[in-house]
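Subject: Structure for your files

Hello,

Here is the structure I promised to pass on. My notes follow below it; please read them against the coordinates.

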Amino acid sequence: MSLRDIKTKIRSVDRTRKVTKAMETVSAVKMRKAQQRALSGRPYARAALSILERLSPSLVTLAHPLTTARPVRRAGLIVVTSDKGLCGVLNAAVLKESERVIATLGLELKNIDLYVFGRKAAEYFGRRGYTLKSKFENISDDVSPSDLERISRDVVRSFEAGEIDAVRVVYTNFKSTFEQEALSHTVLPFSLEQFRDIVAGIVPQKGAYAEARPNPAPRFYTVEPSESEVLGTLLPRLTTVFLYHMLLESKASEHSARMVAMKNASDKSRDLSKALTRVFNKTRQAVITREVSEIVGGIEAMAGN
Amino acid sequence: MYITIARVHENLFSGQAVSITAPGADGELTILSTHEPLVVPLTKGIITVRTAEHGEVYECEGGVLEVSNNQVTVLL
């Protein structure tokens, strides 16, 4: 490699580092915001859960269409990925988990209704011949309430109408900045345990945001006009909370995964640029040495005459 | 009486209040302090919260109202 080639290469590596460095910083800020937002949905989720728990310690006694399991002939699957790449294995993990869920459902392609958030999932499933019932872009950092309402109303309505017999979700759970995992849950038929798990996930175990404020259940409860009507209002709302939370978790995961990926890229390019500089210096030294020895050789030859 | 009114993605109101009027499924109802424990679905209408100083109004497209231990929780 000539000196000039090496120099060009060093410059291009440095430029790449500037870009990855900038993306890292941006992702760090976005990640913090996403985490904050995840906490804002918490009071609602907790209140909804406690109402439900007080209504009935176990949903077994409550025969509501949304809590009744039945044989699965057709299923809905909600997959959340990001719109853009450059975030490590995040999307690949979600897609792999979705494939696993689809395999366990054991249904034909045409019997699976897919609701996808994010362009990555849309592209992946679009290429493989699935029916995309609806797709949403996941580009903004805020979760759009209208998209959320629409998808939640749609799955609840389809489930009640018997068009689909189960609704699964696959998303990325945010554990920490360095750890995200692809998770799958059953949204419908609704189960109290499932929801309790999710609310537990919203409230951190310890730290600044951890809090436990048990509100003891009253001995008697007036339920008007009837339990089933209260549940009819409450359960679709819980489904919405579920989906909302899932989107926020995915957002937080996306940004932290991207931050880590970009940090690795920046570090790598720094190493590369260092190594290239060394090669550059060595080559330059060799060239100088050669030139000097040529000059010396020339002088000696002339002195000999 | 402590009142919380929340939507999935935002908290609309939380604080002490004198009364809350909401459109229940069986007709409008007003909750005052130390109301008995109650769960009621809400229909489309307007929710009015009266605090000691002023009143606040929220639109309601449907939801659930719960009263227990002198706490009112409204989920829209």
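B:Asn70 sits in the loop between strand 8 and strand 9 of chain B, where helices (H or I, at least four residues) and strands (E, at least two) are DSSP runs numbered from the N terminus. Its phi is near 60°, a positive value in a residue other than glycine. B:Asn70 is exposed, with 11 other C-beta atoms within 10 Å; a residue counts as buried if 20 or more other C-beta atoms lie within 10 Å of its own, as exposed if 12 or fewer, and as partly exposed in between, with C-beta atoms placed from the backbone.

This is a predicted model, in which local features need pLDDT of at least 70 and side-chain atom pairs count only at pLDDT 80 or more, while totals for chains, interfaces and linings use all residues. Residues are numbered from 1 along each chain as its sequence is written, and chains are lettered from A and ligands numbered from 1 in the order in which they are written.

A positive phi also occurs in chain A: A:Leu86, again a residue other than glycine, has phi near 55°. A:Leu86 lies in the loop between strand 1 (75-80) and helix 3 (90-105) of chain A, and is partly exposed, with 14 other C-beta atoms within 10 Å. A cis peptide bond, with omega about -5°, joins A:Leu188 and A:Pro189. A:Pro189 belongs to the loop between strand 5 (179-188) and helix 6 (192-202) of chain A.

On the chain A fold: there are 7 helices and 6 strands, in the sequence order α-α-β-α-β-α-β-α-β-β-α-β-α. Of the 305 residues in chain A, 33% are buried. Among contacts in chain A with a separation of 6 or more, 78% are between residues 24 or more positions apart; contact means that the C-beta atoms, placed from the backbone, lie within 7 Å.

Helix 1 (residues 3-40) packs on helix 7 at an angle of about 160°, with the axes 7 Å apart (axes are lines fitted to C-alpha atoms, for helices over the stretch in contact, and angles run from 0 to 180 degrees between N-to-C directions). The two are therefore roughly antiparallel (under 35 degrees is roughly parallel, over 145 roughly antiparallel, 65 to 115 roughly perpendicular, the rest oblique). The residues of this contact divide into 19 nonpolar, 11 polar and 14 charged (Ala, Val, Leu, Ile, Met, Phe, Trp, Tyr, Cys and Pro are nonpolar; Asp, Glu, Lys and Arg charged; the others, Gly among them, polar).

Helix 5 (residues 145-160) of chain A meets helix 7 at about 130°, with the axes 9 Å apart, so this pair is oblique. Residues making the contact include A:Leu148 and A:Ile151 of helix 5 and A:Leu243 and A:Tyr244 of helix 7. By class, the contact has 6 nonpolar, 3 polar and 1 charged.

Between the chains, 24 residues of chain B are in contact with 26 residues of chain A. The side of chain B that touches chain A has 10 nonpolar, 10 polar and 4 charged residues. Strand 6 (residues 222-223) of chain A runs parallel to strand 5 of chain B, joined by 2 bridges; strands pair if DSSP finds at least two bridges between them. A:Val223 stands opposite B:Val39 there.

Regards

Definitions and conventions. Two residues are in contact if their C-beta atoms, placed from the backbone, lie within 7 Å.
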